[in-house]
Amino acid sequence: MSAVQQHLMCDGASPRRRRDSIPQELRDKSIWLRWKLEERDGKTTKIPYKTNGTGMAKTNDPSTWSEFDAAANSKFGNGLGCVVKDGLVVIDLDKIRDPETGVIEAWAQSIIDECNSYTEISPSKKGVHIWLRGEVPVGGNRKGRMEMYDQNSPRYMTITGDVLKDTPIREVNLTDLHKRMLEGADPLKASVSRAKSPVLASDNSAADFAF
């Protein structure tokens, strides 16, 4: 089954099916929170909150996180998120997918295929998040529309269960891919404009904020 067929099937999935599609490896961890769309500095952004909505969640404070069931059953905010830690890595490919057709730009699809790990569609449906185990090499976390984060760059990431590649989270040596990212894997090479915004990503598909 092609990646396009997979995502079109998932677009019609029930909330319960999407929840069950999230890897058990993630569901077993107490790293969960909720996110809510709010306007900050004239931009709509995804703000992390405690599962019960009593205050903001912080990526460096485990007391503000929860277990999966509590977060998944919460009605607060707009969706689920989890903190990137415990050897996890997320690769965020931004604005590389046509939300109407599901077609993904060839350079991004090649990275998805290379990683061959659990991949899901972002809330905006314009990007994808690839979940791996490993470590991001030093030298930078983003270039153009490609970003990499691990526990050394505290972030949280949205979780949709809108599966593009339903494979286990696997361990990947990111040395070569990280080098290619910094050298300009994204053909648009949009790094200059994005470098001016070191904390908040420019697309609503991303939810990797440092609080």
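The questions and answers below concern the sheet, the cysteines and the nonpolar cores.

Modeller: This is a predicted model, in which local features need pLDDT of at least 70, side-chain atom pairs count only at pLDDT 80 or more, and totals for chains, interfaces and linings use all residues. Residues are numbered from 1 along each chain as its sequence is written, and side-chain values use heavy atoms, with hydrogens and water left out.

Biologist: Which are the edge strands of the open sheet of four strands?

Modeller: Strands are DSSP runs of E, at least two residues, numbered from the N terminus, and two of them pair if DSSP finds at least two bridges between them. The sheet has antiparallel pairing and the order β2-β1-β3-β9. Two strands pair on one side only, and these edge strands are β2 (43–49) and β9 (156–159).

Biologist: Which residue of β9 is the bridge partner of L80?

Modeller: Strand β3 covers residues 79–83 and pairs with β9 in the antiparallel sense over four bridges. In β9, the partner of L80 is I159.

Biologist: How many disulfides are there?

Modeller: A disulfide is a pair of cysteine sulfur atoms within 2.5 Å. By this rule, the count is zero.

Biologist: Is C82 buried or exposed?

Modeller: Buried means under 20% relative accessible area, exposed over 50%, and partly exposed in between (1.4 Å probe, protein chains only). Because its relative accessibility is 0%, C82 counts as buried.

Biologist: How many residues does the largest nonpolar core have?

Modeller: A nonpolar core is a set of buried Ala, Val, Leu, Ile, Met, Phe, Trp, Tyr and Cys residues joined through side-chain atoms within 4.5 Å. In the largest one, I22, L26, W32, W131 and I159 touch the most other members, and the number of residues is 23.
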